Amino acid sequence: MGTKTVDETGVKTDDEKTVKAEEEAATDQTVGEAGEAEDAAADTGDDTAPQAAAGGAVEKEGSTGVGQGAAAVVSAGLGIVSLTGSWVGTVASARESLIGQLETSSSSNVGTLIEKGYGDAWHATALWGGAFALVALIVGVVVLARPAFGAPGRPQAPWIKSVSWAGVALGVIGLLLAVLKYTDILLGLPSTG
């Protein structure tokens with residue numbers, strides 16, 4: 001059995017009945033507010049008002065930004081790979097070095113040995129680094145430009161923008177370094193003459 005207490009008006013009440021009455025009143029109030037919001041939405045043609053009035057119980061359908069977040073992380077990762085090197089670049093460099101050694105004989109001059117044995121390998125590394133940097137740059141720009149072509153009024157998460165900008169910056173730096181390495185402006189081959 002419930003315990004008896006005195007309510008605000010000085011009347012003895014049963015605790016369980018009081019709690020149930022308060023819960024029912026709160027439910028009626030919430031339902032009433034949601035109904036008013038639906039009526040207001042019907043007048044204005046806005047279907048988001050009932051969702052907001054119901055305490056966010058019904059969420060908007062649509063993209064959660066997972067794809068954009070993943071693409072932003074991929075962009076930053078590719079930018080880092082463009083600066084530090086990749087397995088593909090290392091293999092291409094070793095292959096070019098081997099081809100250069102096979103094409104030159106022991107009687108070749110030193111300049112030819114350096115160019116074929118090391119220069120071509122260095123250029124292959126620069127090309128692969130530049131390719132990774134270019135992909136990082138493109139992916140980062142696409143992620144940053146995506147909200148302009150998506151649902152209006154759905155802002156992009158700040159962390160996605162930050163990681164995308166990091167990918168774009170790393171891509172630009174990697175691309176610049178690749179061009180400088182390929183053109184022998186940065187760390188060019190030593191002269192033999």
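Author: Buried in α3 are Q68, G69, A72, S75, A76, L78, G79 and S82. The model is a predicted one. An α-helix has 3.6 residues a turn, so residues three or four places apart point the same way. In α3, the buried set includes A72, S75, A76 and G79, and the partners of the buried residues are α5 (110–149) and α6 (158–182).

The helix itself covers residues 66–84, which makes 19 residues. From first C-alpha to last, α3 reaches 27 Å, close to the 27 Å expected at 1.5 Å a residue. Just after α3 comes G85, with a positive phi of about 100°.

A positive phi also occurs at D184, about 65°, and this residue is not a glycine. Most residues other than glycine have a negative phi. D184 lies in the segment after α6, and α6 is one of the two helices that the buried residues of α3 pack against. With a relative accessible area of 30%, D184 is partly exposed.

As for the setting, the chain holds 6 helices and 2 strands, in the order β-β-α-α-α-α-α-α from the N terminus. Of its 193 residues, 23% count as buried. Among contacts between residues at least 6 apart in sequence, 67% join residues at least 24 apart. The chain exposes about 12,900 Å², and carbon and sulfur atoms supply 63% of that area.

How values were computed. Residues are numbered from 1 along each chain as its sequence is written. This is a predicted model: local features need pLDDT of at least 70, side-chain atom pairs count only at pLDDT 80 or more; totals for chains, interfaces and linings use all residues. Side-chain values use heavy atoms; hydrogens and water are left out. Helices (H or I, at least four residues) and strands (E, at least two) are DSSP runs, numbered from the N terminus. Buried means under 20% relative accessible area, exposed over 50%, partly exposed in between (1.4 Å probe, protein chains only). Contact means heavy atoms within 4.5 Å. Accessible areas come from the Shrake-Rupley method with a 1.4 Å probe; for residues, only the protein chains shown count as cover. The expected span of a helix is 1.5 Å times one less than its number of residues.
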